[in-house]
Amino acid sequence: MAIPVLTIDGPSGAGKGTVSRAVAKKLGWHYLDSGSIYRSLAVLALKESVDLQDEFVMASLAQAMELEFDCGDELVVRLNGEDVTAQLGLEATGNAASIVAVHPEVRRVLLQKQKDFKRLPGLVADGRDMATVVFPEAENKVFLTASASERAARRYKQLIEKGIDANIVQITNEIEERDRRDSERKTAPLAMANDAHYIDSSDMPLEAVIEEVLNLIH
Ligand code: C5P
C-alpha cells in the first residue's frame, strides 16, 4: 500500500512547523521536522567546537549522531541520549544549521534518516527540499511562505512572549541572510516544486492556512 506524504516547504518563520504539526495531528499521521535534524547537527558541532565550514568533519558527525524524536504535544529531541530540545530553538542554532546544511555530503548522509520517517498511516514532512529531493513522489505538496517583514515580526513576538530580549532589525537581517543562504546554495536549495500548491500566509490567520492545507488532502 502506498504511504501518503504531504510535504510543506518554505523559508524560515513562515509557520511550517505549527501548520505541519496541526495537520499531522488532525490526520493522525507522523511528522518529520527536517530542520531539527540540521539544527541537531549544528548543536553537536558547536558543542564539540568543530569548524562548521569543514564539510567532511561535518558529514562524519552527521553519520555518527543518534537522534530520537518524541512527537507528543511538543516535539522532544534527544541527541546521543541528551535532551537538546531547548537548544534547538535558539536563533544561533538556526543560523548555524543553515551553514552546515550547505554541504552536499552532509545532505547525502542525512537523506536516508529523513526517508525513514515515511511510515503508515502517512507523513507530514516539513523543510526546504521535502518536495524537490527527499519525497518527490509525494502526492500533496505545499510551498508556504510569508513576507520577510511579517516573518520577522512573528519571530520577534514569539521571543518577547518567551521573555527573551529581541531586536527586530537584527531578526530581519538574520532572516534575510538565512533566506539568501538557503536559496542560493547549489545542493537542494529552497525552491518551490513545479507541482506544489503555493500559500502566502502574510495576511492569513493560522487556522485559515491549516484549513487550506487540509482541503488539499480531502
Ligand atoms: O526549518 P528550520 O528553521 O528548523 O531549519 C533550520 C535550517 O536547516 C534552515 O535554515 C536550512 O538551512 C536547513 N534545512 C535544510 N533543509 C531542510 C530543513 C532545514 O537545509 N529540509
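# Briefing on a predicted protein-ligand model

Arg151 is found in helix H8, which covers residues 148-161; helices (H or I, at least four residues) and strands (E, at least two) are DSSP runs, numbered from the N terminus. This is a predicted model, in which local features need pLDDT of at least 70 and side-chain atom pairs count only at pLDDT 80 or more, while totals for chains, interfaces and linings use all residues. Residues are numbered from 1 along each chain as its sequence is written, and side-chain values use heavy atoms, with hydrogens and water left out.

**The protein as a whole**

- The protein has 10 helices and 8 strands, and its C-alpha atoms fill a box of roughly 45 × 45 × 35 Å when this is taken along the principal axes.
- For 218 residues, a compact globule would have a radius of gyration near 17 Å, and the 16 Å of the protein agrees with that; the radius is taken over C-alpha atoms, and the globule rule is 2.2 Å times the number of residues to the power 0.38.
- Of the 218 residues, 46% count as buried, where buried means under 20% relative accessible area, exposed over 50%, and partly exposed in between (1.4 Å probe, protein chains only).
- The protein exposes about 10,800 Å², of which carbon and sulfur atoms supply 52%; accessible areas come from the Shrake-Rupley method with a 1.4 Å probe, and for residues only the protein chains shown count as cover.
- Among contacts (heavy atoms within 4.5 Å) between residues at least 6 apart in sequence, 73% join residues at least 24 apart.

**The surroundings of the ligand**

- There are 15 residues around the ligand, and those that come nearest are Arg39, Arg107, Asp129, Arg178 and Asp182; a residue is near a molecule or strand if one of its heavy atoms lies within 4 Å of it.
- Sorted by class, this shell has 7 charged, 4 polar and 4 nonpolar residues, with Ala, Val, Leu, Ile, Met, Phe, Trp, Tyr, Cys and Pro counted as nonpolar, Asp, Glu, Lys and Arg as charged, and the others, Gly among them, as polar.
- Helix H2 (34-47), helix H5 (91-100) and helix H9 (168-184) each supply at least two residues of the shell, and H2 gives the most, with 4 residues.
- A polar side-chain atom of Arg39 lies 2.6 Å from an oxygen atom of the ligand, and one of Arg185 lies 2.9 Å from an oxygen atom of the ligand.
- For Asp129, a polar side-chain atom lies 2.9 Å from a nitrogen atom of the ligand.
- Taken alone the ligand exposes 450 Å², and the protein buries 95% of that.

**Backbone details in the loops**

- The peptide bond from Leu120 to Pro121 is cis, with omega near 10 degrees, and Pro121 is found in the loop that runs between helix H6 (104-115) and strand S6 (123-127).
- Ser49, in the loop between H2 and helix H3 (55-64), has a phi near 50 degrees, a positive value in a residue other than glycine; Ser49 is also exposed, with a relative accessible area of 67%.
- Asn80, in the loop between strand S4 (75-79) and strand S5 (82-83), likewise has a positive phi, near 45 degrees, and is a residue other than glycine; with a relative accessible area of 44%, Asn80 is partly exposed.

- Ala191 is found in the loop between H9 and strand S8 (197-200) and is partly exposed, with a relative accessible area of 30%.
- Leaving out residues up to four places away in sequence, Ala191 touches Arg128, Thr132 and Phe143, while 17 Å separates the C-alpha atoms of Ala191 and Ile99, which are 92 residues apart along the chain.
- Leu27 is found in helix H1 (residues 16-27) and counts as partly exposed at 21% relative accessibility.
- Apart from its neighbours within four places in sequence, Leu27 is in contact with Leu214, Ile217 and His218; the C-alpha atoms of Leu27 and Leu214 are separated by 8.6 Å, although these residues are 187 residues apart along the chain.

Terms used. Polar contact = N/O pair within 3.5 Å; in protein donor to acceptor, adjacent residues only side chain to side chain.
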